[in-house]
Amino acid sequence: MVIYVFWKLDELTWEEAGEVLRKADFVILPAASLEQHGKHLPLSVDSIRADYLVDEVLKMSDKYGLKLVKLPVLTYGCSEHHMNFPGTITIKPENYISLVYDIGVSLHRHGVKRFVIMNFHGGNLAPLNIAIQRIRKDTGMKTYLLHWTSFARDIINAWTEPGWGHACEHETSIVLLYRPELVRREKIVKPIIKPRPPISSFRYFDEITDTGGIGDPTRSSAEFAKKLVEQVTDRILKALKETLEVD
Ligand SMILES: [Zn+2]
């Protein structure tokens, strides 16, 4: 009998995994990216967020009576718009859709009832929307897409000035909370944002900002991040609970 409070798929044996995957209310794929995050943050910001913030959800899941399983973080994502900054690795959208699709189909074959992609990178949203549609169509498995920042937006808006978005006060605060040793504090500056054309277009990030960031990382605060994470974790668990009830 498996008695773990929360489960990480890659830490289980196949016998344990067989039982846990069938019993889980939701199996969660944390989706991230490997891309530039300004001059003061590492390329792994979205993976750090994905790993720690999904762990927070798992840790609190008992309170809501939810059985959750976490897959390893999908470290790579769709980051073409950051490719003019060294170190960024991007997966073509068609390959990314196929990869996520294959993960979903594998879970379905092991008896998973509900699959949630918890996403931490805006560039993944369009391909993930296609992937969840294809998984549902071909397997019938309930498949969801949850963007962490959508559950945090109003709280961040109330705390800071408009214009935050990338390697900003929000992301820097989260890294200060979990991996402070990775923040190059002497490199923190407010980026210069270039004017935006009135018609929407695809733009590379070096056409938007001088440092690679959007927002004001000089306002960052680990204390704010701690409060934000508590509230957002609670909101996400409530949303998962409600999803279970209505679905
Ligand atoms: Zn990011």
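Thr160 is buried, with a relative accessible area of 8%; buried here stands for under 20% relative accessible area, exposed for over 50%, and partly exposed for what falls in between (1.4 Å probe, protein chains only). The model is a predicted one, in which local features need pLDDT of at least 70 and side-chain atom pairs count only at pLDDT 80 or more, while totals for chains, interfaces and linings use all residues. Residues are numbered from 1 along each chain as its sequence is written, and side-chain values use heavy atoms, with hydrogens and water left out.

Thr160 sits in the loop between helix 5 (153-159) and helix 6. Helices (H or I, at least four residues) and strands (E, at least two) are DSSP runs, numbered from the N terminus. With neighbours within four places in sequence set aside, Thr160 is in contact with Glu169 and Arg219, contact being heavy atoms within 4.5 Å. The side chains of Thr160 and Arg219 are also joined by a polar contact of 2.9 Å. That term covers a pair of N or O atoms within 3.5 Å; within protein, one must be able to donate a hydrogen and the other to accept it, and residues adjacent in sequence count only if both atoms are side-chain atoms.

The loop between helix 5 and helix 6 also holds Ala167, a buried residue at 3% relative accessibility. Although not a glycine, Ala167 has a positive phi of about 50°. Most residues other than glycine have a negative phi.

Helix 6 itself is mostly covered, with nine of its 10 residues buried. Among them are Glu169, Glu171 and Tyr178. The buried residues of this helix pack against helix 2, helix 5 and helix 7 (222-246).

Glu171 brings the story to the metal. The zinc ion has His37 (NE2), Asp46 (OD) and Glu171 (OE) as its protein donors, lying 2.0 to 2.1 Å from it. Donors are N, O and S atoms within 2.8 Å of the metal (3.2 Å for Na, K and Ca); water is not among the atoms, so sites may look incomplete. Along the sequence, the spacing of the donor residues reads H-x8-D-x124-E. His37 lies in the loop between strand 2 and helix 2, and Glu171 in helix 6 (residues 169-178), so the pair ties together parts that are 134 residues apart in sequence. Both His37 and Glu171 are buried.

As for the sheet, five strands form an open one in the order 1-3-2-4-5, with parallel pairing; two strands pair if DSSP finds at least two bridges between them. Strand 1 (7-8) and strand 5 (142-147) stand at the edges with a single partner strand each, so one side of each lacks a neighbour in the sheet. Helix 2 (residues 45-59) packs on the sheet and touches strand 1, strand 2, strand 3 (68-70) and strand 4, its direction making about 160° with that of strand 3. Axes are lines fitted to C-alpha atoms, for helices over the stretch in contact, and angles run from 0 to 180 degrees between N-to-C directions. Strand 2 (residues 26-31) and strand 4 (residues 114-119) run parallel and are joined by five bridges, with Ala31 opposite Asn119.

Lys190, in the loop between helix 6 and helix 7, is exposed, with a relative accessible area of 55%. Its contacts, apart from neighbours within four places in sequence, are Gly215, Asp216, Pro217 and Thr218.
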